[in-house]
Structures are given as C-alpha cells and as structure tokens.
Amino acid sequence: MDAREIRIKGIVQGVGFRPFVYRLARRFDIKGKVLNDTEGVLIFAEAELARIDSFIRAIRDEAPRPAAINEILSHSVEPTGASDFTIVPSEHAEGEVTSMSPDIATCENCLAELFDIDDRRYGYPFINCTHCGPRYSIIRGLPYDRPQTSMAIFEMCDDCRTEYEEVLDRRFHAQPNACELCGPRYSLLDGAGEPVKCSDPIFEACNMLSDGKVVAVKGIGGFHLMADATNPATVEILRDRKRRPSKPFALMVRDIGVAKMLCEVSDAEADELGSPAAPIVLLKLRKNPAFELPSSIAPGLDQLGLFLPYAPVHYLLFAATGLPCLIATSGNRRDEPIACDNDEVVRDLQGIADAFLVHNRDIVGRTDDSVGFIFEDNLILVRRSRGYVPKSSELPLSGPPVLATGADLKGCFALTRRKDAFLSPYLGDLTGEKSVELFEEVLERYLSWLKVKPEALVCDLHPDYMSTVLAEKYSNQWGVPLYRIQHHFAHALSVMAEFNLPDEPCLAVALDGHGYGGDGTIWGGEFLLTRYDEFERLGHIFQVPQLGGDKAAIDTRRMALSWLYAAFGEDALQRVPKLFENLGGEADLLLDIARRNLPPTTSSTGRLFDAVACLAGICCENTFEGECPQKLMAAVDFSEKNAYDFAITSNILDPRPVITQIIADIESGVSANIIAAKFHRGLAHGIVEMAAKLCDEHSLTGILLTGGVFQNRVLLELVVNGLRKRKLKPHWNRSIPPGDAGVALGQALFGINKLRADDRDNS
Ligand code: ZN
Ligand code: ZN
Ligand code: FE
C-alpha cells in the first residue's frame, strides 16, 4: 500500500471540490481524507500507486466547472492504514488563505429545479448549489464557511441541513444553501421606500415592469435599475430620470436566442455570455426588421452590451413578464460604484425607481457587472468585476507584498502575495467620496483575507490623484516606501505582467485619454521602451494645447479647434465655421491659447478621436466617457480601403496632415462614414509604421498594446494585423482591462521588482 499527500491550489474552495474529490475517491477505491485549508485543498490518499495516479489525473480532468486548478503537487507519505475516505471540516488555521471563488451564475441543475413545480424550491429566488451561486459577494472572512458569510443569520431548516451534510448531495457544504422556509426572501418597497403588502413581491414587480415602470432590483453584487427595453416611452423616462441623455443601456436578454435576434453572436461570444462569470458582452448590432428595439437604447452606436440572467431572480422576472429583454443598468449615481445596501438605494434612487425589489441578505462584496468584448476568440475585459474578482493574476516575479493604488478614473487597486496579484473590483471614479470609502473598505477586507502587510506602496505620478493621496496616507501609516510610476509605463507593465513576459526591452504603444507625463504636459499617445524598472519615451503623438484643460474632454469642439489651428494656423476658425458658431467670443479666446501654445499641451489619442468625431460632424460632446470615439468607431464604413496619411518625423507621429485631408474631404462632400474609416485606417497605419521604425532602431520585436484606446476593436484589429505583417509580435491586455482599471497590475509588478532590487542593494 502506498500513500501520497496531494496539494491542490487555485480556485478550489466554494465550488464543490471536496465532495467531487470524495466521489472520485470512492470510484478509485482510495482511502484517506480531503480537507480545505488556507492554501487550498489537501488530500491524503492511500492505495496502490497506479490507482492514486489515475485518481490525480481524474481530479485534473473532471474538476467541476467553476473550479480553476492552478497547481497539483504530490509527494509520498507514510500510509496510516485508513479504512475509509472522509471529508474533514474546515479548520480556522492561521496563515495564508487560498484564492476564493467569484460569484457563479445559476447552473443548469438549479435552473431545472427552479421551474419544476414538484421541486421544493420551485420559484425560490435564492436557489443555488456547490456549482453555482453567490461567493465573493457574501463572504466576510475566510476560510469560506457559512458563519463567515452573510448567510450566517439564516438557520438552515432540517431539509436544507440534511442536504448540506450529505456528502453525495449536490448541496453538500453549499454555504448559501437555503429554501423558502429558512432562507432569505424578497420584499417590495414602493417609490418612497414603504413596504408594499403583497403575497408575491416578484410577481408584483413583474406587473410593474410590464406596465412600463422602473424597478430597482437587488441581485448578487448590487442593484440594477430594470425596465422594459422594448417600450420606447419607458426608455425615455429612465433616460430623463437618470439625466443620461445618450449613454447606452446594457440589456439583460431572456436567452441566447434573443441575443441572436438583436446582435451578431459568434460561438465564442455565445460561450462567454453563458460562462459561469456571465459578463456583459459588447456585440455588434444587427439589422433585424422582425425585432427592433427603440433606437434610444444605444443611440448612434453599432454595438450593444448584452448579458444573460445569472441569478434565479432574473429568470423569474423573465418568466413572469414574458419580456424578451430588460434594461439592466447599475443602480448608482453617475461614476459611483453599484449601490448594494437597501436603505442607501432607497435614498439614492428615489425619483428614479418606481419600486424597489429588495431582499434581506446583505451584499458584503459589491460588484458591478463585468464588461468585455471578444477579439480573436478571446474576451477582452473592459470592466473586471462580478464573476472575476477576487481571482488572482500570476505575476512574472515573486516578492514581498505590495499595494498598488491604480489610477483615479477607473478605481482599482492591486494587492500582491508572493507571485499573485489580487485586483479589486471596479471601485468607480475615485474623485467621488463613496468610491474612496469603498476603496478603503475593500482594501481592509483584502488585507485581512490575504493576511499580508504590504512592504511598499505604488501609485501614479499624478500628484493630485486621490489614488496618490491614499497611497501617501498608507505609506506613512505603515512606515513603508512609496514608489511613483508614470501612468503609461504602468499600462505597459500591465501587459508584461498579464502575459508573464520576461524583463527584456519591449516597445509599448500606450494610447489613452490622458495620463500625467511628469514633464508638465498631458500624455496619451506614447511609444515607450519599457523594462520592469524603467522606461524611455521613444516617441509620441504630436502635442497640441488642450484648450480649456478638462473642459476639452467634454466639449470636443475645443480639441477640434486646437487641431485646426495646428494644421491651418490663423485660418482655423474659417475651415468649419458652423462648428464654432455658438462658441461666440470664446472662440477667439481659445484661438489665442492655441496661438500661444499655452499649457497644458497633450499627446492624447482620445482627444484626437474627439476632434475628428467633431470635425466629421458625428459628435461634439462626450456626455459619457468615450462617447465621441465610440461613435466615430460606429460610423466606420468597412468598404472604404483608403487611409489618411500621418507624418512621421523625428519620432513624432503627426496627425496634422490628417486634419488637412479631413477638411478637404469635408469640403468635397465626403461622408462622415468614409472619414471615420479613413481615420481609423490612417491611425492604425501610422502606429504600425512608427512602431516598426522604433523596433528597428532599437532592435525590439515585442510590442505591448495598451491604454483605453485599444478598447476600440476596429483600431485594435487593424494595428494587430499590421504589426504581424511586419513580423512583429504584439501583446495586448485581455483578462486585465486595457483602460485605467488595469494600471494597478503594472504598478504592482514595478513595486515588486523595485523591492527586490532594493533588497539586493542592501545585502
Ligand atoms: Zn446550482
Ligand atoms: Zn431550508
Ligand atoms: Fe490610462
């Protein structure tokens, strides 16, 4: 008889892993035990060696769907003569905690029971099992056990307890296990937050939805504002109440069939929609006269964010309303994280929601819906939250723990433990008070889960960022060093970190809206030579004044004017006069700033997109972040194969000739769709030329594409293909957002590398 100790690391807790191991042990006639500890799952297996090997293989091959095994280690131990195989209850041992499971969309088995009239959980909106249900959102402490979750206050009834204790049951140790008798419940509040007396609150809420009303629905990670997406009047009312004139609404669709009626859905996209994480996937709208939604859902855009129901309550809403799709937008105030507390929501959304469908289980970890799109069959996450946090990313370096505080616009921190970086969920815009509170609250939880004490802080170079202020505070409080790192360099390192690239020079193409340059200018169109510890700015987009500073990011006529001045000088205002008509005297003032080339000047690619969208007459105001660039992308006519010519001079990618060509096109009546296409092609071509030139000069082959601009799939595709044709090897962010929510990961890599270097210097 042989015996082995088997250690399994990864997401193996809270996903039914121990019962799975137990069932396999029975199948292979293995004796011993399995237990959860703070490092993952530990198994003692006694049998003949060959059987143990098959057992380990089966663990790897047959693991339940939401589990993710990172590592299986095993070594020989002394047999103890065990006579059976047992599951040992969790121990609250000191030390490290394994990675936790994210929230998991309702599984097929639970769904079948939900609609089975003979099942005891028929219609029960909190049905779950070890393969699905809430995890991150209900966990207060680790290890993951019921008393450490917001299910602790619900005493299991006898039936639930029996399932929970029966090893062969699908609900064995399902921590959120519950039923109608013993578990959480929904109730309905009216628009003023007063309880509505009714026997079936969900059914009542459905009546309201069918009636064109707006209902705030408490789900897994927070509240959604829900409304009938097929009713134009309802969409208008919601836009009006939310003061949200044109930002697209995400839609929850009844099933994949509805998704396919609304949008083009590839196999990869369908897989992603139906994955355990169930993110919002941005899909290309299709023209379908048989099923058209009000154009006010996503005005001027060619894509729609769709997702499938992922909590039992969502399925019940669709079943009772019979609606094909519901607007499901985060219940929050602008740029704030999703709201999750009953009282908070009633306070914040009064006047917006006609009713509140709430429940009595606390949401401990609030998470927004994650958002992504498919490129070359892989998901690129734009927002990484529910379904993905708190999964860790493996860094190419191991070192002492580091806290990186990210950037402000898309709040997200990274906390590391050895090789693993744990990114926080999306925290909202850190200029808001609530986001900062949430930052500190989530950080506290992460620190206690991971049981680490950071030995360094890393933040952005920007002195006024809230993320910088927070980093300074913690650095003082903990008495540890603070490293500051340039924004676009951190973007670049986020790609090196995500793909575990070695510490060898790469060319980073970092394109975004803005980042603090450190030289008094705003950066955002950067070509950087990067290594783990330093970077060199090899080139950038031509810099022009950002007329009126931050205002120019909203009123994009200002950037249009700045670029016109750069291209035409004093003639600028005369080129597209009607654009500037109602700027009045301000136009001359702005022109004067341009003339004197006053700071701040910017190399921002986002602002260049703004200017072109405005000049082409597509959109002159960003009522939400990225509106002009997204509409410019949506306008692209793919049949157009011509491109505008950027100039490349002494490492400057210069769009001035493009502005001249655009004006010539406008004057000869070329359509906005053609202009949009020629701009995208021209920019991609310019980026590829510039990158190829710099790679050649510096003997580089690896290219990192990063920054929010690469959320533009048209540009990304053109650039990737162009680089490949030049035999260059591009990498771009996927599981880590290319936008500012990914910056923290790059910062973390920088910090670990720096600590290791400092250690070497000191020894
Ligand atoms: Zn289930
Ligand atoms: Zn029960
Ligand atoms: Fe950025």
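The site of the zinc ion (ligand 2) is tetrahedral, with angles of 103 to 118° among its four donor atoms; four donors count as tetrahedral if all angles lie between 85 and 135 degrees. The model is predicted; local features need pLDDT of at least 70, side-chain atom pairs count only at pLDDT 80 or more, and totals for chains, interfaces and linings use all residues. Residues are numbered from 1 along each chain as written, chains are lettered from A and ligands numbered from 1 in the order written, and side-chain values use heavy atoms, without hydrogens and water.

Cys157, Cys160, Cys179 and Cys182 coordinate the zinc ion (ligand 2) through SG at 2.2 to 2.3 Å. Donors are N, O and S atoms within 2.8 Å of the metal (3.2 Å for Na, K and Ca); water is not among the atoms, so sites may look incomplete. The donor spacing in sequence is C-x2-C-x18-C-x2-C. Cys157 lies in the loop between helix H3 (108–114) and helix H4 (158–165), and Cys182 in the loop between H4 and strand E6 (186–190), so the pair ties together parts 25 residues apart in sequence. Helices (H or I, at least four residues) and strands (E, at least two) are DSSP runs, numbered from the N terminus. Cys157 and Cys182 are buried, that is, under 20% relative accessible area (1.4 Å probe, protein chains only).

Ser603 sits in the loop between strand E27 (601–602) and helix H18 (605–615). Ser603 counts as buried because its relative accessibility is 0%. Its side chain makes a polar contact with the side chain of Glu526 (2.6 Å). A polar contact is a pair of N or O atoms within 3.5 Å; within protein, one must be able to donate a hydrogen and the other to accept it, and residues adjacent in sequence count only if both atoms are side-chain atoms.

Methods:
Buried < 20%, exposed > 50% of the residue type's maximum accessible area, 1.4 Å probe, protein only. Tetrahedral: all angles 85-135°; square planar, octahedral: opposite > 155°, others 65-115°.
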